[in-house]
Amino acid sequence: MTRDTAIRPTPADEARAVLKRLGVADAVLTAGDRIARSPLDGAEIARLADTSADEARAAIGRATDAFARWRLVPAPERGRLVALIGDELRAAKEDLGRLVTLEAGKVPAEGLGEVQEMIDICDFAVGLSRQLHGLTIATERTDHRMMETWHPLGPVGVITAFNFPVAVWSWNAALALVCGNPVIWKPSEKTLLTGLAVTALFERAAKRHGNVPDGLTALLIGGRDIGEILVDDPRVPLVSATGSTAMGRMVGPRLASRFARSILELGGNNAAILQPSADLELALRGIAFSAMGTAGQRCTTLRRLFIHDSIHDSFLPRLKAAYASVKVGDPREAGVLVGPLIDSAAGEAMERALAAARAAGGTVHGGDKVEVIGQGAYYRPALVEMPRQTDIVRHETFAPILYVMRHHDLAEAIAAQNDVPQGLASSIFTNDIRDAERFLSASGSDCGIANVNIGPSGAEIGGAFGGEKETGGGREAGSDAWKAYMRRATNTINYGSTLPLAQGVTFDIG
Ligand code: NAD
């Protein structure tokens, strides 16, 4: 333990103080048996009451009633609510960011960055609330007009993962609310406190707005069983589910079986290709952040690096030096860049992956467990030289492991990059315009995110976010992702006095 950590409050004490400032009542923190822990030391912060199945169904019922009112509120007025949520988030940014650090283990810059992302999507959605427009389409019939209108859809279920405990809610909620939909949120059972804090902020915004129906949002506390209630309820026409591919495999077919919509945001196995023309200094920084940031617990974390043979032996020592220099520890400590894994099970998964990589001929640098405080699962990020892309490389291990491989030409690297089940994020480092354009082309990266001279991690909210293949195909946040939260109607209007049929069909009834 360093002198710095010795004088700091325990994560639990600090979290309880932050929760109080954010408006979460003390009584809520002792209301039940579900233990909320901090990954910083593994110690208990609170014991929360689970939402029962009946309470979850009642929340869906209230959301259904709220929908009947909220869909009639003009969209810019709905946007005003989201603007107020943005104001509350601005005011609470320091505290909520700190709570993300204490509950998810992120270093402060990333905790605050996550809240900034919430503020950004609120701003985006407020603008969107005046732009939910459809097309006017040329019609083949005289004295007719054809157009598209977009209508609210209904209660939206949002299931989120531990690693972006607040931002993913906001990507969905900000859009869903301006689109006219209630939002029922089931956060990860590992990050419930941030869920409670965001709910308290929402309630303040709703009160200030003054025209928010009861039940417009709800928080469901529990595990998979409570998520399944959302997934199976026919009153919920859309579920946005973020988490592992294993979760998506369960949730996707259940939603499909009742013809509900889904936005699936699942696991990634993201790659970067380093070409000989790259700016190596820039690439080094991009690779280091993408691979080690958030302790390797981003869906977009860089997990596979393909280095061109001609620069492999000169670049790898620089990367190893960057790995060796990075400070692992209590994320509240100045200079720490890599905090803990979410829990000891995540640490064990990392150890198993490194053992499998060694068994498959890999050479592991780093990856050791570090004692920091209490039962926190702290590990040095691992750099693993692999002879080829083996099974373990093709698997997403949610930990800071970067597998490094060689390639001889771009076609080989693109083929290897795409040869995994997941399809979330990818990047190329090059100053050669042909390489960059090839990578972005139809025969290039098969991922939902393809970047040039930026690592795969750290998206902005203005773009649509999501990936292909086992990543699930969903898109959230910017661009036209809002369309998934609305019901599209095609309208044809005849303002003439005859009834021409489409395709010239005649139907004379005498
Ligand atoms: P997880 O799959 O264990 O849990 C995610 C959520 O799904 C939790 O709220 C959990 O309770 C719920 N859940 C699990 N099974 C369910 C079921 N059968 N029905 C309903 N709900 C169910 O994931 P995690 O460990 O919290 O998060 C890490 C994973 O999430 C990684 O695979 C990561 O890549 C992925 N992730 C993806 C994105 C993305 O946008 N693509 C973003 C963040 C995280």
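Contact here means heavy atoms within 4.5 Å. The notes below use that cut-off throughout.

1. **Basis.** This is a predicted model, in which local features need pLDDT of at least 70, side-chain atom pairs count only at pLDDT 80 or more, and totals for chains, interfaces and linings use all residues. Residues are numbered from 1 along each chain as its sequence is written, and side-chain values use heavy atoms, with hydrogens and water left out.

2. **Glu385, setting.** Glu385 sits in strand S15, residues 382-385. Helices (H or I, at least four residues) and strands (E, at least two) are DSSP runs, numbered from the N terminus. Glu385 counts as partly exposed because its relative accessibility is 23%. The classes are buried, under 20% relative accessible area; exposed, over 50%; and partly exposed in between (1.4 Å probe, protein chains only).

3. **Glu385, partners.** Which residues does Glu385 contact, leaving aside its neighbours within four places in sequence? They are His312, Leu316, Lys320, Gly361, Gly362, Thr363, His365 and Val404. With His365 there is also a side-chain polar contact of 2.7 Å. A polar contact is a pair of N or O atoms within 3.5 Å; within protein, one must be able to donate a hydrogen and the other to accept it, and residues adjacent in sequence count only if both atoms are side-chain atoms. Ala359 lies 26 residues from Glu385 in sequence and 12 Å away in space, C-alpha to C-alpha.

4. **Domains.** The domain assignment gives domain 1 (53-266 + 472-489) and domain 2 (270-461). Such bounds come from an automatic or database domain assignment. The C-alpha centres of domain 1 and domain 2 are 31 Å apart. At the interface, 23 residues of domain 1 contact 18 residues of domain 2.

5. **Buried area.** Domain 1 and domain 2 bury about 1,600 Å² between them, and carbon and sulfur atoms give 64% of that area. In domain 1, Val107, Glu110 and Phe162 lose the most area to domain 2, together 29% of what that side buries. Buried area is the accessible area (1.4 Å probe) that two parts lose on being put together, summed over both.

6. The rule finds 2 salt bridges between domain 1 and domain 2. A salt bridge is a side-chain nitrogen of Lys or Arg within 4 Å of a carboxyl oxygen of Asp or Glu. Glu110 and Arg298 form a salt bridge at 3.2 Å, N to O. Across the interface of domain 1 and domain 2 there are also 4 residue pairs in polar contact, both residues at pLDDT 80 or more.

7. Helix H5 (93-104) and helix H6 (108-128) each supply at least two residues of the side of domain 1 that touches domain 2. H6 gives the most, with 6 residues. By class, this side of domain 1 has 11 nonpolar, 4 polar and 8 charged residues. Ala, Val, Leu, Ile, Met, Phe, Trp, Tyr, Cys and Pro count as nonpolar, Asp, Glu, Lys and Arg as charged, and the others, Gly among them, as polar.

8. **Salt bridges overall.** The count comes to 35 salt bridges. Side chains of opposite charge can pair when their charged atoms come close. Asp87, Glu88, Arg90, Asp123, Arg204 and Arg208 are linked in a network.

9. Arg80 bridges to Glu77, with the closest N and O atoms 2.9 Å apart. The two are separated by about one helical turn because they are 3 residues apart in helix H4 (residues 75-91). Arg80 is partly exposed at 35%, and Glu77 is partly exposed at 25%. Lys327 and Glu333 meet in a salt bridge at 3.3 Å, N to O. Here Lys327 is partly exposed at 34%, whereas Glu333 is buried at 12%. Asp480 and Lys483 pair at 4.0 Å, N to O. Asp480 is partly exposed at 41%, as is Lys483 at 31%.

10. **Ser445.** Is Ser445 buried or exposed? Ser445 is buried, with a relative accessible area of 12%. Its place is in the loop between helix H16 (433-440) and strand S19 (449-452). The Ser445 side chain makes a polar contact with the side chain of Gln417 at 3.3 Å. A polar atom of that Ser445 side chain also lies 3.2 Å from the backbone nitrogen of Cys447. Not counting residues up to four places away in sequence, Ser445 touches Ile414, Gln417, Asn418, Ser426, Phe439 and Ala450.
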